[in-house]
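Here is a briefing on salt bridges, a surface patch and a helix pair. Please keep the structure in view while reading.

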Amino acid sequence: MTSPLTIRVSTGEGRPVVTLAGEIDPWTGEEFQAGLEAAISENEQVTVDLRDVVFMDSTGLAVLFRHHESVLSVIARPGSVTARALSRSGLGLVIAVDLAD
């Protein structure tokens, strides 16, 4: 069963930070995309904080790749499932991936 996805937008370091918690999968991917697009439409460039995401499959990676020109960086916990997915996908070649607790 999918954990609910929560999306919060705040301001950090002069740019919006889209913070997610829960799971990003086919059942929550559209919600992630809509939240990210709303933040981008108001601000053009954002940071995405995935430190509280417990699962992310190719659905979440596809959303990030689709918006790579507007996502300046992605934050993930070192060693997390999300950090491994970001690393294996090659996303770090187009978006800065910052590892932080």
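This is a predicted model: local features need pLDDT of at least 70, side-chain atom pairs count only at pLDDT 80 or more; totals for chains, interfaces and linings use all residues.

Phe55 sits in strand β3, residues 46-56. Numbering starts from 1 along each chain as its sequence is written, and side-chain values use heavy atoms, without hydrogens and water.

**Surface patch**
- Phe55 is partly exposed, at 35% relative accessible area (buried is under 20%, exposed over 50%, partly exposed in between; 1.4 Å probe, protein chains only).
- Val54, Phe55 and Val81 form a nonpolar surface patch of about 240 Å².
- Patch residues have over 30% relative accessible area and no salt bridge; like charges are joined within 9 Å, nonpolar side chains (Val, Leu, Ile, Met, Phe, Trp, Tyr) within 5 Å.

**Salt bridges**
- The count is two salt bridges (a side-chain nitrogen of Lys or Arg within 4 Å of a carboxyl oxygen of Asp or Glu).
- Arg51 pairs with Asp49 at 2.6 Å, N to O.
- Arg51 is partly exposed at 25%, whereas Asp49 is buried at 7%.
- Asp52 pairs with Arg77 at 3.2 Å, N to O.
- Asp52 lies in strand β3 and Arg77 in the loop between β4 (71-76) and α3, so this pair ties together parts 25 residues apart in sequence.

**Helix pair**
- Helices α2 (residues 58-66) and α3 (residues 81-89) pack at about 55°, with axes 11 Å apart.

Note on methods
Accessible areas come from the Shrake-Rupley method with a 1.4 Å probe; for residues, only the protein chains shown count as cover. Helices (H or I, at least four residues) and strands (E, at least two) are DSSP runs, numbered from the N terminus. Axes are lines fitted to C-alpha atoms, for helices over the stretch in contact, and angles run from 0 to 180 degrees between N-to-C directions.
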